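Please look over the chain shown below before reading on.

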Amino acid sequence: MAQESPKNSAAEIPVTSNGQLEDSHEHSFNRDLKRSLPVGLGLAETKITSHGFDSTKEGVVEAGPFPGSSASPKSTVISPSSAAASRLAGQGCDLIIPTGGRAQQKSGAVVLADEVKNPAMEKLELVRKWSLNTYKCTRQIISEKLGRGSRTVDLELEAQIDILRDNKKKYENILKLAQTLSTQLFQMVHTQRQLGDAFADLSLKSLELHEEFGYNAETQKLLAKNGETLLGAINFFIASVNTLVNKTIEDTLLTVKQYESARIEYDAYRTDLEELNLGPRDANTLPKIEQSQQLFQVHKEKYDKMRNDVSIKLKFLEENKVKVLHNQLVLFHNAIAAYFAGNQKQLEQTLKQFHIKLKTPGADAPSWLEEQ
């Protein structure tokens, strides 16, 4: 009589009618085993049975002490090992441990709560929008130059802008001439000062012409002093006009350039909308017309805003220009008239009236006492 071999932890494998292994049952068994086997449970504590074809239960996995073993039943405690954790991480599944203490697997793709935007795609989209806008504006400019396209014109505002640009050129010319006058006057004052020093030296060395050299020395020194006073007034005039031309007017013209760019964009999108409205209206064109209408409205609001800004800046610029030029022209006239009239008191009074302080030579450098 053959001795029956003791049962081990391996399962009985069902076979088919022709004696071959049934692969589908084997794969199903292995999959169920992986999903149902608690982590950390040894084979000595697991009993696996497989019933025949006439049984209603197949591939049952029972966890507990092996028959004949003296080990007491263990409580269901999850203590996953590092190897099991690495396998779970490799499978890309989520591990969920409920309060009951059993580990389950929740399969599925990992979904982030907040999608991370790709900076490269954002830059590409910005470049695409910029290219499209540049193309439309360039086409609009070429159409206007060729006389084929229409442009929006504000006659009153355009006239004010033209006057401003023309005045800027004239003020720049006045500024250039005033700077030339200042340079020449500085050279003349320097020459008069040197001439006065030469006369004073000869007055001391020539006893026969002591008085004559002395008179000329005093006259040249007085002219040099009055020239320095006039030079201070002219430099103040130049600084004020330079601020008006190269800062105040230039800032207004910068806003005008932004207004003109907004006008070109507005006309470009207006032309696109008009062309779409003239075409057929169907399921394909209606979304394009609606999108074009939205873009047109955005650029129309931008154009209206820039036009309003230009109007306000032109108004304030005109008021500021009149005030500044009025004071500077009065200063320039009084200083020139007093200088050539030889009225030293009137010349000094003019500088006091406009709060102009002359810079004496070496006044900018502190003395050695102040440095200590």
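What pattern does the chain follow, read along the sequence? The chain runs α-β-β-α-β-β-α-α-α-α-α-α, and its secondary structure comes to eight helices and four strands, where helices (H or I, at least four residues) and strands (E, at least two) are DSSP runs numbered from the N terminus. This is a predicted model, in which local features need pLDDT of at least 70 and side-chain atom pairs count only at pLDDT 80 or more, while totals for chains, interfaces and linings use all residues. Residues are numbered from 1 along each chain as its sequence is written, and side-chain values use heavy atoms, with hydrogens and water left out.

**Overall burial and contacts**

- Of the 372 residues of the chain, 24% count as buried, a term that means under 20% relative accessible area, with exposed over 50% and partly exposed in between (1.4 Å probe, protein chains only).
- Among contacts (heavy atoms within 4.5 Å) between residues at least 6 apart in sequence, 70% join residues at least 24 apart.

**The largest nonpolar core**

- A nonpolar core is a set of buried Ala, Val, Leu, Ile, Met, Phe, Trp, Tyr and Cys residues joined through side-chain atoms within 4.5 Å.
- The largest such core has 41 residues, of which I161, L185, I249, Y259 and V310 touch the most other members.
- Helices α4 (155-205), α5, α6 and α7 each supply at least two residues of this core, and α5 gives the most to it, with 17 residues.
- Leaving out residues up to four places away in sequence, Y259 touches D154, L157, E158, I161, Y303, M306, R307 and V310.
- In soluble globular proteins, nonpolar side chains tend to be buried together.

- Y171 is found in helix α4, and it counts as buried because its relative accessibility is 14%.
- Beyond its neighbours within four places in sequence, Y171 is in contact with V241, V245, I249, K321 and L325; the C-alpha atoms of Y171 and V245, which lie 74 residues apart along the chain, are separated by 6.8 Å.
- S182 also has its place in helix α4, and at 10% relative accessibility S182 therefore counts as buried.
- With neighbours within four places in sequence set aside, S182 is in contact with L231, I234, N235 and I238.

**How helix α7 packs**

- The axes of helix α5 (residues 210-278) and helix α7 (residues 344-353) come within 10 Å and cross at roughly 25°, where axes are lines fitted to C-alpha atoms, for helices over the stretch in contact, and angles run from 0 to 180 degrees between N-to-C directions.
- Helices α5 and α7 are therefore roughly parallel to each other, given that angles under 35 degrees count as roughly parallel, over 145 as roughly antiparallel, 65 to 115 as roughly perpendicular and the rest as oblique.
- In this contact, L222, K225, N226, T229, L230 and A233 in α5 meet Q344, L347, E348 and L351 in α7.
- The residues of the contact of α5 with α7 divide into five nonpolar, three polar and two charged, with Ala, Val, Leu, Ile, Met, Phe, Trp, Tyr, Cys and Pro counted as nonpolar, Asp, Glu, Lys and Arg as charged, and the others, Gly among them, as polar.
- The axes of helix α6 (residues 285-341) and α7 come within 8 Å and cross at roughly 160°, so α6 and α7 are roughly antiparallel to each other.
- Here L331, N334, A335, A338 and Y339 in α6 meet Q346, L347, T350 and Q353 in α7, and the residues of this contact divide into five nonpolar, four polar and no charged.
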